[in-house]
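I opened the model to look up a few local points and then the wider layout. These are my entries, in the order I made them.

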Amino acid sequence: MNWDNTTLFSDDNAEDAAFRHEVRGWIADHCPADLLNRPDRVDPVEIKPWHRRLFERGWIAPHWPREHGGMGATLKQQIILYEEINRAGAPTPFQHGLNLAGPIIMQAGTPAQQARHLPGILSGDVVWCQGYSETGAGSDLASLKTRAVLEGDHFVVNGHKMWTTNGPWADWMFALVRTDTEGPRQAGISMLLIDMKSPGLTVQPIKSLTGHAEFAQEFFDNVKVPRENLVGTLNGGWKLANIVLGNERFTTGSPRAAALRLNKAREVARLSGAYDDALFRQQLAHMEIELLAFSAFYHHGAALHAAGKAPQSMGPVMKVFGGDLSHRAAELVMQVSGALGPSLQRVQIGNDLHDIAGDLFASRISVVGGGTTEIQRNIISKRVLDLP
Ligand SMILES: Cc1cc2nc3c(=O)[nH]c(=O)nc-3n(C[C@H](O)[C@H](O)[C@H](O)COP(=O)(O)OP(=O)(O)OC[C@H]3O[C@@H](n4cnc5c(N)ncnc54)[C@H](O)[C@@H]3O)c2cc1C
């Protein structure tokens with residue numbers, strides 16, 4: 001049997017096993033081959049047709065309720081679908097829409113916002129991005145300064161957003177803006193849905209450490225945003241921001257990334273000869289035990305999350321564990337790849353091309369994006385451990 005960490009903690013019943021079998025076969029037949037196991041980051045424009053196929057098959061939003069066009073799937077089916085997408089090496093469909101913008105619009109948006117935006121998120125026709133961070137307002141998000149002033153039936157937005165993933169391709173942004181400067185900082189923030197083609201909005205791509213322009217910064221110069229694009233209440237954005245962050249942290253904490261990297265460590269070690277080293281096998285076994293324990297914990301957390309019973313600290317806890325494990329797994333791949341690893345070129349290992357150094361850089365994403373590990377630890381120390 002091929003060792004496969006991605007399904008290490010599977011306890012499928014007969015129905016789940018049949019669903020897994022169906023999903024696995026369908027992905028093999030329908031995911032474009034040139035998207036599989038790509039060593040680099042796949043841009044939204046390339047993911048779109050794949051997203052569309054999943055949508056047409058009815059498998060695009062397993063966690064959304066049916067009334068909003070989702071699958072209304074059981075938690076186990078949600079996990080299986082994403083496990084199989086990852087196992088095949090296929091890219092995930094657009095997460096900013098499906099996991100962040102969509103759920104908050106379902107939860108706090110008006111019926112008109114839901115009718116306008118949810119169909120495009122499901123079909124993948126509309127790409128979303130998250131406009132939270134600014135220069136000087138990353139970890140300390142509440143200090144954000146992008147200003148939105150209500151003038152009659154629209155807001156006038158001025159300011160600057162930074163580190164926006166998918167910014168160069170996005171059609172819409174859900175953004176945090178300052179709508180009040182008088183009271184406590186958190187009480188003066190609102191959430192707006194902003195059309196990225198609005199006059200006065202300039203998008204500048206930014207290259208990441210991996211050499212890929214996956215981010216952008218945006219400059220807002222008297223950008224008019226219709227009042228009806230306010231999500232929830234005026235100055236009520238902080239609560240919504242945290243709900244979105246909770247979802248984001250929970251998702252980025254998933255053990256799947258670590259599982260895939262440990263699979264790769266095993267594969268690369270066999271090819272490089274490092275597998276004969278008892279010390280390496282001990283390291284690998286140790287990390288796989290950690291992965292198994294963390295997967296069990298994550299599955300339990302996912303059940304609480306799906307039932308709406310997860311404490312707010314759950315996202316940060318998952319993100320700290322999952323991000324750390326995933327990063328250490330990428331380091332292990334680098335360690336066993338010998339002289340191939342530090343190359344900035346892609347290297348052929350077995351049947352696949354690997355960008356080992358690039359993947360090590362990319363593994364840092366989960367310890368910074370969505371809030372750094374230090375900030376997650378601060379949240380845990382305050383909310384869970386009740387430290388001052
Ligand atoms: C891959 C990736 C994708 C991202 N995508 C998006 C996106 O789509 N939209 C978006 O809005 N933002 C995005 N970000 C930005 C991300 O949210 C911020 O980078 C993050 O919140 C940290 O903010 P900062 O970069 O300003 O660092 P800073 O806040 O300046 O922090 C610098 C360092 O100081 C530490 N630090 C700061 N304050 C404290 C404290 N109180 N206690 C202990 N240590 C502290 C931090 O942990 C960090 O190590 C993304 C970032 C990455 C890496």
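Between which strands is the loop in which tryptophan 163 lies? I looked at a predicted model. Tryptophan 163 sits in the loop that runs between strand E3 (154-161) and strand E4 (172-178).

I checked the backbone here. Tryptophan 163 has a positive phi, about 60°. Tryptophan 163 is not a glycine.

Buried or exposed, with its C-beta neighbours inside 10 Å? Asparagine 166 has 22 of them and counts as buried.

**Loop E1 to E2**

Next I looked up alanine 137. I found alanine 137 in the loop between E1 and strand E2 (147-151). Alanine 137 has 21 C-beta neighbours inside 10 Å, so I logged this residue as buried. Which residues does alanine 137 touch, not counting those up to four places away in sequence? I noted Ser143, Leu144 and Lys145. Alanine 137 and methionine 318 are 181 residues apart in sequence, and their C-alpha atoms are 23 Å apart in space.

**Ligand shell**

I listed 19 residues around the ligand. Tyr132, Gly138, Ser139, Gly369 and Thr372 come nearest. Strand E1 (128-131), helix H11 (365-368) and helix H12 (373-383) are the elements that give two or more residues to this shell. By class I have six nonpolar, 12 polar and one charged. Why does the ligand lie between domain 2 (128-235) and domain 3 (253-383)? Both domains give residues to the shell around the ligand, so I place the ligand between them.

**Domains**

The assignment gives domain 1 (5-93), domain 2 (128-235) and domain 3 (253-383). I took the C-alpha centres of domain 1 and domain 2 and got 31 Å between them. Their contact takes five residues from domain 1 and five residues from domain 2. On the domain 1 side of this contact I find two nonpolar, no polar and three charged residues.

**Helix H3**

I stopped at tyrosine 82, in helix H3 (residues 75-88). How many C-beta neighbours does tyrosine 82 have inside 10 Å? I get 19, so tyrosine 82 counts as partly exposed. Buried would need 20 or more. Tyrosine 82 and proline 62 are 20 residues apart in sequence, with 9.3 Å from C-alpha to C-alpha.

**Helices H4 and H6**

My last entry is a helix pair. Helix H4 (residues 95-108) packs with helix H6 (residues 237-252) at an angle of about 145°. Their axes are 10 Å apart. I recorded the crossing of H4 and H6 as right-handed. From H4, the contact uses Gln95, Asn99, Leu100, Pro103, Ile104, Gln107 and Ala108. They meet Leu240, Ile243, Val244, Asn247, Glu248 and Thr251 in H6. I sorted the residues of this contact into seven nonpolar, five polar and one charged.

Technical notes: Residues are numbered from 1 along each chain as its sequence is written. This is a predicted model: local features need pLDDT of at least 70, side-chain atom pairs count only at pLDDT 80 or more; totals for chains, interfaces and linings use all residues. Axes are lines fitted to C-alpha atoms, for helices over the stretch in contact, and angles run from 0 to 180 degrees between N-to-C directions. Helices (H or I, at least four residues) and strands (E, at least two) are DSSP runs, numbered from the N terminus. A crossing is left-handed if the near helix is turned anticlockwise from the far one by less than a right angle, and right-handed if clockwise. Two residues are in contact if their C-beta atoms, placed from the backbone, lie within 7 Å. Ala, Val, Leu, Ile, Met, Phe, Trp, Tyr, Cys and Pro count as nonpolar, Asp, Glu, Lys and Arg as charged, and the others, Gly among them, as polar. A residue is near a molecule or strand if its C-beta atom, placed from the backbone, lies within 6 Å of it. Domain bounds come from an automatic or database domain assignment. A residue is buried if 20 or more other C-beta atoms lie within 10 Å of its own, exposed if 12 or fewer, and partly exposed in between; C-beta atoms are placed from the backbone.
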